Structures are given as structure tokens and as C-alpha cells.
Amino acid sequence: MANLKRFRLVVVLTVTGALLSQSMANQGSVTPPAPYGSVPSPRQLDHAKLETYAFIHFTVNTFTDREWGLGNEDESVFDPSHFDADQIVLSLKAAGLKGAVLTCKHHDGFCLWPTATTSHNVSKSKWLNGKGDVVKAISDACKRHGLKFGVYVSPWDRNNAKYGKPEYVDLYRAQVTELLTHYGPIFEVWHDGANGGTGYYGGANENRSIERRTYYDWPTTWDLVRKLQPDANVFSDIGPDLRWVGNEEGHAAETSWATYDPAGLDHDAAAPGYSDYQNAPEGTPHGKQWLPAECDVSIRPGWFWHAAENGRVKSPDELFDLYTKSVGRGASLILNVPPNREGRVDDADVKSLAGFGEVLRQTFRHNLADHAHLTASNVRGNAHAFEARALLSTDPKRYWATDDAVTSGSVEIDLGGDKSFDLIRLREPIKYGQRIEAFAMDAWKDGAWKEIATATTIGNCRILKLKEAVRTSKVRLRVEKSPAAILLYGFGLYQQAKSVG
Ligand code: FUL
């Protein structure tokens, strides 16, 4: 009798235990993975969701046909004949760009807003009899059309008499303060690295070099940005939120880490305009600082509008190619679109932007793997929450994950019939850091697996462009190297849409 009771107890306990662990697994109460290494701040995480946004280069250079103004331009030269902020912003929106960063002040020192810091500004121009404010017009149009707004404010000022003296740094901060307090939420503050040289400097017409490491005392300016616009991401050669990718051609490196530990030119501390940017394209593998790359490029050869470049606007296919080499390598893309002398975006640029937007929308509209059946070599705690199917999720909160001890593995994706694709996309939920160092894709061909692509990093987004379209009923993702558990989502197979025109 006693034995029978014990037997019953064991059966009850075992069954309850099994049910409990099954329901735990189903509810996903298996320990979630711990973050790995350096992770993004909440503001960096938000920024990573944007992927593409615009640059707007517009100032006296538009009217003088220069790339770098000298600083001696008469304010009256700034006189757009049909300025239309809505037309500008809507042309960006058609390309799917999520924000716009305006050159509020370029190196020539002319301010596109009626600043109190210098008379070299838009209020002294002929445009709208000096009553206009380009910063207000563009930021308001961005609000109207649902784009974020950001400011480029050049530290180098070839007009200002104080440039090179300590007082100029206070004046620069006063300009930053005006821009960050009068125009609503700012998503990005752009500090370029061009620093010092010849200029007008209030009539001195001389060469002024500055001590790049110390002159601007950048940490104080960044503290000011944090105080005035805590959600804004600060861009410079070395961050603190976004790093320059090291070229102005709009692409990140094949291997691209969001982590980056910048060094100065003499192995000392780095500063904007004083960094050894050799490693900026790749970043620092498993580095200490989360500092993702931003890829800057212009839709035309120059940053500013030049009539001579009207026939050299990048096509939708060229823009899509840059997209796969920037966003598709885990970075963000800031695409410059310079308004012309009318104060509008030229027809050719408008057409190309719309074409690019259309290619993007059509290409990623339909994931050919959406209804696939997925089987993984390992699922974290066998939990529903981390199952193979979560690889298809488009929400970073749901992802396929392996057990902590499992740092390589594969997922078979049965497409349930033949599908043709030439693009493969996948993502790491970067909230938990960037991990993957090597992975490959196979396709089922004539009864065996055949490798169709290999790559290194993934990060926020990886897009693999195949040399030619692959037609198959089954693909396999193989993660070959990761320093910690594998976490992936956003897997998709796509066929690049044809651009019209
Ligand atoms: C650089 C500047 O010198 C160029 O004129 C342009 O504004 C580019 C985006 O940044 O530092």
C-alpha cells in the first residue's frame, strides 16, 4: 500500500513537472539572453529604426556655385526665387526618407535663421525682404509631413572675426542653443570635421589654424545638446552617438561593427577633425563604445546644387545599390538633396527620389519566406518565445535565440514550393548588442545543399545581394561564429523590383 502511494505521488509529481516545464516553455519563461558587450542607448536604438534620412545643403554657395564659401559673400546673394519648403520635404518623403538635416550654417558662416549671434544671416538677405527663416520653414514642413528635423552647424566659420579665439566657441554654443530651442524636437545634431584654414574672418583674410584636440572643448558642447535636446543623436567623426563612416560615397564596409573605439592621430584621444579614421568604416569588433556608422552621400556629385551637375543625378537603381551597402550593412544612410536657386528640388532629383522610394516599397513589400516552415538546430530552452519561426518576426522583441552555450547553428527554411529571389535580409536585435561574425546561406539544389552566400557581420540590418536570382524550395541559414548565444529576426527573401524610368 505504502509503495502504491509512493508510486502515485511520483507519477503525479512527474506529470505536473512535465506540464509545468512545457507551459513554462510555451509561455517563454525561459531566461532571456543577457546583453552582450556594448549596447545602444535608448536614443541610439530609436535612431537605428530610421535607417534613411536626408541632408539638405543650401546656402550662399547655391548662388555662387561653390562647395565651400569663402566667408566674404554678401548676404544679398541668398535670394531663392520660389522657395517651397513643402516641395522640398515632400520630394524627400517620396523616397521614404524619415528625416532631414539642414545646413543651418556651413563653413562660410552664413546663418539660414535670423540669429542674434551675427549679422551674417538670412535677415540681411533680399529673400522675403529679410523676413524669412529657412530653418523654421523646413522644420515646420518636416512636422507637417511627418519627418524628423535635424541641424548641421559648422564649427568652422570663415566669416566670423572671432574664429580661432576663445570667444568664438561661446558664440558657436549660442548658435547651437538657438537652433536647439526655437525649432521643436531635433533628432540629430551634425558637427563636421572640417576645421580651420583660410577665410575672410571679418576682413582679416588670413589663415587661422586651431588646436583641433582642445579648441572647441567638445564635451561641453555635447553636454549642452544633452541638456537642450536629450533625444538628439550627435554625429561627428567620433560620435558620441553616430560616427562618420570614413568616406563620402554612401557605403559602409562589408564587415561593419556598430561598436567603435576611435583613436587620435597620434594614438592619443580623438576629437572631431582629429581622428585616425582608418578603422571607421569597419568599426571595432566587439568594441567598448556603441557608435554606429552613418553613411553620407549626395544625390549629385557635389553637396550643393550646381547647374553643371543637372545631368548627373543618381538613378533609383544607384540609390538602391547605396541603400544595400549602407543600411544593408547595419549603418544608416543620410542622402543629400540640394535645393536649386529657386529654392526647390530640381525635377530630375524629384523623379529619382520617387523612383527610389518605389523600388524600396515594391522590393520589400512581400517576404517570399512569410509562409515557410522553419526548423532550427537549437532553440533556447526549447521555448516557444525563441522558436525558429521567430526568425521571420519583424519586431525586434521577438527573435530566434539559441541556448547560451550554443554559438553556432542553423535554421532550415522550407518555402513550400519554388521561389525566386536575389536579396536576403536579416537582423540582430541590437538592444542585446552585436554578435555574429560569420554566417552563410545555402539553397537546396538537385537534392543537396549548395552555398549561395557567405558574409561576416549582421547588426541592425544585413542585406545580401546575390549575383543572380536563385530559384529553390528550401534555404538554410548557417551561423558559423558568434561569441555568445545567437539572436536573429527579420529574415526575408526578396526579389529586387525593377525601377521605372
Ligand atoms: C564636410 C563638408 O566639408 C562638406 O562641405 C559637406 O558639408 C560634408 C557633408 O561634410 O565636412
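The centres of domain 1 and domain 2, taken over C-alpha atoms, are 36 Å apart. The domain assignment places domain 1 at 42-363 and domain 2 at 373-494; such bounds come from an automatic or database assignment. This is a predicted model, where local features need pLDDT of at least 70, side-chain atom pairs count only at pLDDT 80 or more, and totals for chains, interfaces and linings use all residues. Residues are numbered from 1 along each chain as its sequence is written, and side-chain values use heavy atoms, with hydrogens and water left out.

- Domain 1 brings 18 residues to the contact and domain 2 brings 19; contact means heavy atoms within 4.5 Å.
- About 1,500 Å² is buried between domain 1 and domain 2, and carbon and sulfur atoms give 58% of it. Buried area is the accessible area (1.4 Å probe) that two parts lose on being put together, summed over both.
- On the domain 1 side, W257, H286 and W290 lose the most area to domain 2, together 28% of what that side buries.

- Two salt bridges are found between domain 1 and domain 2. A salt bridge is a side-chain nitrogen of Lys or Arg within 4 Å of a carboxyl oxygen of Asp or Glu.
- E51 pairs with R427 in a salt bridge, with the closest N and O atoms 2.9 Å apart.

**Helix 8**

- Helix 8 gives three residues to the side of domain 1 that touches domain 2, the most of any element. Helices (H or I, at least four residues) and strands (E, at least two) are DSSP runs, numbered from the N terminus.
- Among the buried residues of helix 8 are L319, F320, L322 and Y323. Buried means under 20% relative accessible area, exposed over 50%, partly exposed in between (1.4 Å probe, protein chains only).
- The cover over these buried residues includes strand 1 (52-56), helix 9 (347-364) and strand 13 (409-427).

**Nonpolar cores**

- The largest nonpolar core has 82 residues, of which F78, L92, L102, V134, V135 and I138 touch the most other members. A nonpolar core is a set of buried Ala, Val, Leu, Ile, Met, Phe, Trp, Tyr and Cys residues joined through side-chain atoms within 4.5 Å.
- Helix 6 (residues 166-181) gives the most to this core, with seven residues.
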